[in-house]
Amino acid sequence: MQHKVIDAQDVVIRFAGDSGDGMQLTGTLFADASALYGNEISTFPDYPAEIRAPQGTVSGVSGFQVHVGSVEVNTPGDLCDVLVAMNPAALKANAKWAKATATIIVDADAFDEKGLEKAGFKTDDPIRELQIEDRNIILAPITSLTKESLKDSGLDNKAIVRSKNMFTLGMCYFMFNRPMEYTFEYLERKFRKKPQLIETNKKVLKDGFNYASNIHAIANTYTIKPAQQEKGLYRNINGNQATAWGLLAAAEKSGRPLFCGSYPITPATAILEELAIHKELGAKTLQCEDEIAGICTSIGAAYAGAFAVTTTSGPGLSLKSEALGLAMITELPLVIVDVQRSGPSTGIPTKTEQTDLNQALYGRNGECPIMVMAAHSPSHCFDAAFYAGKFAMEHMMPVILLTEGFLGNGSEPWRIPSMKDYPAIVPPIITECEGAYKPYVRDEVRFARKWALPGTPGLEHRVGGLEKSPEGVISSDPLNHEMMVAARAEKVARAANFIPELKVIGEESGETLLVGWGGTFGHLYSAVKELQGAGKSVSLAHFDYINPLPKNTAEVFSKFKNILVCELNSGQFANYLRALHPQFEYKQCNKVQGQPFMVKDILDAVNEL
Amino acid sequence: MKYTAQDFKSNQEVRWCPGCGDHAVLASLQRALPEVSEALGYNKERYVFVSGIGCSSRLPYYMNTYGFHSIHGRATAISTGMKVANPNLTIWQATGDGDALAIGGNHFIHAIRRNIDINIVLFNNQIYGLTKGQYSPTSKLGMVTKTSPYGTVEHPFNPGSLVLGARGTFFARSLDSELKLNQEILLASAKHDGTSVTEMLVNCMIFNDGAHATLSDREHRADRTIVLRHGEPMIYGKNRDKGLILDGMKIKSVTIGENGITEKDLLVHDAHDPNIGIHSMLVDMKYPELPVALGVIRDVADKTYDDNVRDQVIDVQEHSPIHSMDELLRSGATWEVK
């Protein structure tokens, strides 16, 4: 077979195996090595809810897709150029994601009678059964080669078999001409206390690399040159880490120590885990007894003067609803991060969706408007969290930040910012006043009340969930209530004076405007670029601020013949826009499959208009 | 700074029913705080009164201090966050039997388990008052209420047993009308580092009048209750002639002078014993078999959660090479694009 070195602009690789096969790690290491090499990357972990689902079954397959490019990469890619399948179930579950021209690497050792049966194949020829005979399929005896590689290592059989993902990674490093140094460094860090494992893992990695270079079955290897990136220092970051860091950044800028009360929930837990690490920056985290305590400890901390945050996912936000109303009526600063997942109820907890928008906007008793923001990429979670903190503290109100499992788990290279480039955060803390302190007296610009911290002499006051007069006295006076309801709504509305205008990507007027919010940005952007390249009159307006909307929203919409609202739900944002700007007609492109859009979904929707 | 009870009274009109036991607890707090402030060197602005929902949860409005009247059951969680965020605050929490033990039961036991330094005053009237008379988790078995017209069929919680079960470090009990004892207990609660729970047996004139009458009745109080004080023998009775001894594995009431019993045979109260054995028996004593225990039953020193959190932060800060966001952003695996 003729060996070709392809100079590729971008390549999509999908690693798939049993949920215990270490595919998330393999994919992450490949992505990190590529990012450090200077490629653009975007990753998409796609894993089941079970930690170790029944071995060898389709339901237990865990996947990790990474898109690597020397050009701009905005999505993890629709279909893959290379699929790695560690067992028959992984092949069965993932063959549909492989391009017609894809190379498929499988662990031949796993394709025995038992393996095929567990995966539900009816014949002993899974390739034919899946109708993928025309793909370049490489049957590599990965398990036995790993055993052979480590037979003198002194490791037990279980530990040896567990190393097979490193063999696979080595093969991929050959195929894609990746440097191995970064992974060596990772192994040295990870196994600092078990030096034996550093050597064994390195050996298997190198043996996998050498095996791939020797077999000649790999027709194509790829070079993906470093991307032309803006000068600067870069790191790879996922959305949950970026969210945690953005919150820490807001704490530092405001001088208010960070407090996070939270309860573990997929896929938001990593934010709590990340914050728990950073005690060096004064962050206090409290893993609570439940979701309600998560938000309530944070409300208590906010009253005491902390920059308080709570992190959760859909069902957790439901549990926090009543307390969110308390944060709103007591007008305390609080950031609530909802890493959205597939619902309703427990739904498909490890899969992504944008189905909590209605809950974020409306899910409370009484008239309880709350500022709602959304992050649009893994690294943008940093800025989104920072500004959520700025709005919460400067405007004295809770702010909901919506991210998504797709963003939280996905990663991309990020040009490291400098904190001096971020604005100051100046909470309206009051230290003394003439006469008695009146907790609900507002400033004229933001309509925010003052923040009087317990411990300050002379500012003793009471807040609570009962309606109050501006002086802070309990009041059930009808007109006072109506005035207070309006004042709290006005405060949220006035945030619009402080948010950036809605930008249009592409021409500012034309045939079709794609409208999106949150984590669909990469796919919408790629689709718009492709359509524009094909000469179509298509632009994109992507919303980071949802309540309130940017002030120029209607003006932007008015310049287009079609408005196509694309979102991973049945039309929640479209309906919201219909309520606020009913003068326009909104067409919809929706997907509720627990999966992100594919660029193709958007292209099809536009072409069908 | 010297304070008087007057300094702790807010200008808000107290809206509890006339004769409600809550009035007496409020007065006890307002009288205890000047003493607490003097003993511990506290200024008024460090006190925060936190509450949930229910009659007793209105208390923060009547205190001229910082206050937070929150939502049903969640006061303990709110107090917890407040104390962890600012350990220099002294948190008092007013809560009822429904608020703390029904809807807020989870937060209650976990605060105790963590030993957060907060002072919980549990107003136990064995009824839901603000919703007008439904049974609570402490209502006696068989009690007839609006939601149990044929009598309840569920066993009540004993709050003290719950506290000890969660390895609580402080538990005290008193009667609303015992102002002097209340002040003594509230001072001990303030001095205790960790979660203090004081169960106040309060009377609800409207929906559960006389719930504690057997104990509070002036004529018989001394014979039906025993006030425990650390280091003192367990003596009670109008004539101070009754006492408690350990008979095998059980506590038994005896009369001094009968069957050769002298004061030396009596149990001596050790509130500081970490072992919950005797404390469990003491909190569980019921009239008429035994007198009901009042006073500080358990007061054990242990490290608090808020101190542990603070110490951990200081320790990590001392040893970490990272001191700012810019340093964090540049830490770990990075690469330069030139």
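Strand S4 (residues 118–124) of chain B and strand S6 (residues 196–201) of chain B run parallel and are joined by six bridges. Helices (H or I, at least four residues) and strands (E, at least two) are DSSP runs, numbered from the N terminus. This is a predicted model, in which local features need pLDDT of at least 70, side-chain atom pairs count only at pLDDT 80 or more, and totals for chains, interfaces and linings use all residues. Residues are numbered from 1 along each chain as its sequence is written, and chains are lettered from A and ligands numbered from 1 in the order in which they are written.

**Sheet with strands from chains A and B**

- In S6(B), B:Ser196 is the residue that stands opposite B:Asn119.
- An open sheet of nine strands, with mixed pairing, has the order S19(A)-S2(B)-S1(B)-S3(B)-S4(B)-S6(B)-S5(B)-S11(B)-S7(B); two strands pair if DSSP finds at least two bridges between them.
- Strand S19 (462–464) of chain A and strand S7 (225–228) of chain B are the edge strands, each pairing on one side only.
- On average, and with direction ignored, neighbouring strands of this sheet are turned by 20 degrees against each other.
- Helix H3 (residues 75–85) of chain B packs on the sheet, where it touches strand S1 (47–51), strand S2 (66–69), strand S3 (90–96) and S4 of chain B. The direction of H3(B) makes about 175 degrees with that of S3(B). Axes are lines fitted to C-alpha atoms, for helices over the stretch in contact, and angles run from 0 to 180 degrees between N-to-C directions.

**Helix pair in chain B**

- H3(B) packs with helix H5 (residues 105–114) of chain B at an angle of about 35 degrees, and their axes are 8 Å apart.
- B:Thr76, B:Ala77 and B:Thr80 of H3(B) make the contact with B:His107, B:Phe108 and B:Ala111 of H5(B). Residues are in contact if their C-beta atoms, placed from the backbone, lie within 7 Å.
- By class, this contact has three nonpolar, three polar and no charged residues. Ala, Val, Leu, Ile, Met, Phe, Trp, Tyr, Cys and Pro count as nonpolar, Asp, Glu, Lys and Arg as charged, and the others, Gly among them, as polar.

**Helix H5 of chain A**

- A:Ile142, A:Leu145, A:Thr146 and A:Ser149 are buried in helix H5 (residues 142–149) of chain A. A residue is buried if 20 or more other C-beta atoms lie within 10 Å of its own, exposed if 12 or fewer, and partly exposed in between, with C-beta atoms placed from the backbone.
- Strand S6 (98–107), strand S7 (136–140), helix H6 (157–162), H7 and helix H9 (195–215) of chain A pack against the buried residues of H5(A).

**Backbone features in chain A**

- A cis peptide bond, with omega near 0 degrees, runs from A:Gly343 to A:Pro344. A:Pro344 lies in the loop between strand S13 (334–340) and helix H14 (357–362) of chain A.
- A:Ser345 is in the loop between S13 and H14 of chain A, and its phi is near 50 degrees, a positive value in a residue other than glycine. A:Ser345 counts as exposed because it has 8 C-beta neighbours inside 10 Å.

Note on methods:
Contact = placed C-beta atoms within 7 Å.
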